[in-house]
Amino acid sequence: MNTPGSTPAEHPPHGAAVRRGPFRAGERVQLTDEKGRMNTITLTPGGAFHTHKGFLLHDGLIGSLEGTVLTNTSGQLYQALRPLLSDFVLSMPRGAAVVYPKDAGQIITMADIYPGARVVEAGVGSGALSISLLRAVGDSGYLHSFERRAEFADIAQGNVETIFGGPHPAWKITLGDFQEQVVEQEEPGSVDRVVLDMLAPWECLDAVATVLAPGGVWINYVATVTQLSRTAEAIRADGRFTEPDAWESMVRGWHLEGLAVRPDHRMVAHTGFLLITRRLAHGVTGLTTKRRPSKTDFSAEDLNAWTPQAVGEREVSDKRLRRVARDASSTIQRGALPADEAQARRDQIADAAREVDGPTES
Ligand SMILES: C[S@@+](CC[C@H](N)C(=O)[O-])C[C@H]1O[C@@H](n2cnc3c(N)ncnc32)[C@H](O)[C@@H]1O
């Protein structure tokens, strides 16, 4: 019988070992100065962290413990810690809006993402949510992420490999449109949870209904009320799902200083809305809602308004995304990677990218 806590030391879950012990070359370290300003550096033997007030040698950090406080050449103090996941996702290379840590926490809990779950996700974007999903399903789970743009898949792969110290055994990325690919690649009724963060989740309704197991959870993260409304009405009209629920979360930090204890003046006021529903058993008709809206249809004008620009999505050029992808893969801790496996994954993505996009600019 296992003693609680003994197994992880012998067989640590993927990514755990790289988050413990003394600092190693290749790791990202967060330096905080006496004014609370933060800088994240990647430890390189012989490297230095320069500011206008002197510099700090990386070699002084390599081999020392987390929480160490060091002095630079001008006597400035720096506290050194590994970035937490919430720090990492807000500072990692990205090409599109990421799911904020507060929303990732809601998604994991409210969609009941558990160790060993079979989860499908789209789009991958920069991989922020993929990282939280992988942590939640664990090594024995399964996360199949779908992304229509190859450059985003590259960025996400770089970020995932950086945080886990190499490829994650439960992760698979497929390039292409979720609604087309997922039904080709997953058995009907075999998926426990579906997580969508994309412009038009309503286009995925049939695909989700096909792959989701009875009782399975489908959660959507959308940025605008128009997307929220259209997705909710599409789910209701379909009849294969339970009545959807929607909410948003707001997190307000507090200023703590002596007797001056009060909410912060500024906060992230809006990120997105969450919409959740569950798959009914096959052939079952859902309970009808008691408060039907009087008008659920959309005019042709409404439908034409759902363009990325109209809902405030920034168009990002392929060239810019390729640059971010290079940044993301250059931060991978190569020392912690099984090199041949990591290279095979990179080649696979690069081949797929060429198939989707044609030859890339040099
Ligand atoms: C906002 S980003 C996702 C951010 C990501 N969840 C994160 O936390 O980093 C939306 C992504 O969805 C992708 N996308 C949109 N529609 C898609 C579809 N039907 N199938 C696959 N990917 C899609 C876009 O290319 C974009 O990368």
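These legends describe close-up views of a predicted model. Residues are numbered from 1 along each chain as its sequence is written. Local features need pLDDT of at least 70 and side-chain atom pairs count only at pLDDT 80 or more, while totals for chains, interfaces and linings use all residues.

**View 1. An open sheet of seven strands.** The strand order is β9-β8-β7-β10-β11-β15-β12, with mixed pairing. Strands (E, at least two residues) and helices (H or I, at least four) are DSSP runs, numbered from the N terminus. Two strands pair if DSSP finds at least two bridges between them. At the edges lie β9 (171–175) and β12 (245–247), each pairing on one side only. From one strand to the next, the twist averages 15°. Axes are lines fitted to C-alpha atoms, for helices over the stretch in contact; angles run from 0 to 180 degrees between N-to-C directions.

**View 2. Strands β8 and β9.** β8 (residues 142–147) and β9 run parallel, joined by five bridges. E147 stands opposite L175 in β9.

**View 3. Two helices on the sheet.** Helix α4 (residues 128–137) touches β7 (118–122), β8, β9 and β10 (191–196). Its direction makes about 165° with that of β8. Helix α8 (residues 225–238) touches β11 (212–222), β12 and β15 (273–278). The direction of α8 makes about 5° with that of β15. Contact means C-beta atoms, placed from the backbone, within 7 Å.

**View 4. The shell around the ligand.** Of the 22 residues around the ligand, G123, G125, A128, F178 and M198 come nearest. A residue is near if its C-beta atom, placed from the backbone, lies within 6 Å. α4, β8 and α6 (178–185) each supply at least two shell residues.
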